[in-house]
Amino acid sequence: MRRGVTVWLTGLPSAGKSTIARALEKRLLDEGVPVEVLDGDVVRTHLTKDLGFSREDRDENVRRVGFVADLLSRNGVIVLCPVIAPYRAARDEVREMHGDRFIEVYVSTPVDECSERDVKGLYAKQKAGELSGLTGVDDPYEPPLNPEVVVPTHTQALDESVELVWRALS
């Protein structure tokens, strides 16, 4: 098992990033591995609550999460970051910060499936005109070009998705 690595789970809202991260966290804890989850939603209520959803603010959110993940991972912690991180350049910046301690996981769930799941009601709000700037709908999402892992949650069970990421850590 690799120690001191950041696993960056990127994908659309409701793609399954946090679900995978929580299941993987449990498996790592069961193995006695030090792990932290920097969930995008939780981070936005504490570390980046001063930021909005402009491109600049979204990039700054990714940088801040990346900075904390780097601190933790270089001290032996496996850091799971389920964060939308819609723009490739910001994710690449975080990758550079980490060197070889970075695993990018693209949770490749299509927007139609994410919209059906709509865990937080964001897609419904966007359709009703109550929300604009929804990543993958009326704001861009730039998929990774060369992620270490691609997880198609719409075609596999949770344990299969977790296993794909687990293998990348081994």
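## Basis of the description

This is a predicted model, in which local features need pLDDT of at least 70 and side-chain atom pairs count only at pLDDT 80 or more, while totals for chains, interfaces and linings use all residues. Residues are numbered from 1 along each chain as its sequence is written, and side-chain values use heavy atoms, with hydrogens and water left out.

## Overall form

The chain has seven helices and five strands; helices (H or I, at least four residues) and strands (E, at least two) are DSSP runs, numbered from the N terminus. In order from the N terminus, the elements run β-α-β-α-α-β-α-β-α-α-β-α.

The radius of gyration of the chain is 15 Å, which agrees with the value near 15 Å for a compact globule of 170 residues. This radius is taken over C-alpha atoms, and the globule rule is 2.2 Å times the number of residues to the power 0.38. The C-alpha trace spans about 45 × 35 × 30 Å along its principal axes. Of the 170 residues, 48% count as buried (buried means under 20% relative accessible area, exposed over 50%, partly exposed in between, with a 1.4 Å probe and protein chains only). Among contacts with a separation of 6 or more, 76% join residues 24 or more positions apart; contact means heavy atoms within 4.5 Å.

## Nonpolar cores

A nonpolar core is a set of buried Ala, Val, Leu, Ile, Met, Phe, Trp, Tyr and Cys residues joined through side-chain atoms within 4.5 Å. The largest one has 28 residues, and V7, L28, I78, L80 and V105 have the most contacts inside it. At least two of its residues come from each of strand 1 (5-10), helix 1 (17-30), strand 2 (35-37), strand 3 (78-82), strand 4 (102-107), strand 5 (149-151) and helix 7 (158-169). Apart from this core lies another, of 14 residues, including V65, A69, V79 and V94.

Not counting residues up to four places away in sequence, V7 touches I78, V79, L80, C81, I103, V105, V165 and L169.

V162 lies in helix 7 and is buried, with a relative accessible area of 6%. Beyond four places in sequence, V162 touches I20, A23, L24 and R27. V162 and E25 are 137 residues apart along the chain, yet their C-alpha atoms are separated by 9.7 Å.

R88 belongs to helix 4 (residues 88-98) and is partly exposed, with a relative accessible area of 24%. Leaving aside neighbours within four places in sequence, R88 is in contact with E142, P143, P144 and L145. From R88 to P144 the C-alpha distance is 6.4 Å, across 56 residues of sequence.

## Positive phi values

Most residues other than glycine have a negative phi. S14, in the loop between strand 1 and helix 1, has a positive phi near 70°, and counts as buried at 13% relative accessibility. D118 has a positive phi of about 35°; D118 lies in the loop between helix 5 (111-117) and helix 6 (122-127) and is buried, with a relative accessible area of 16%.
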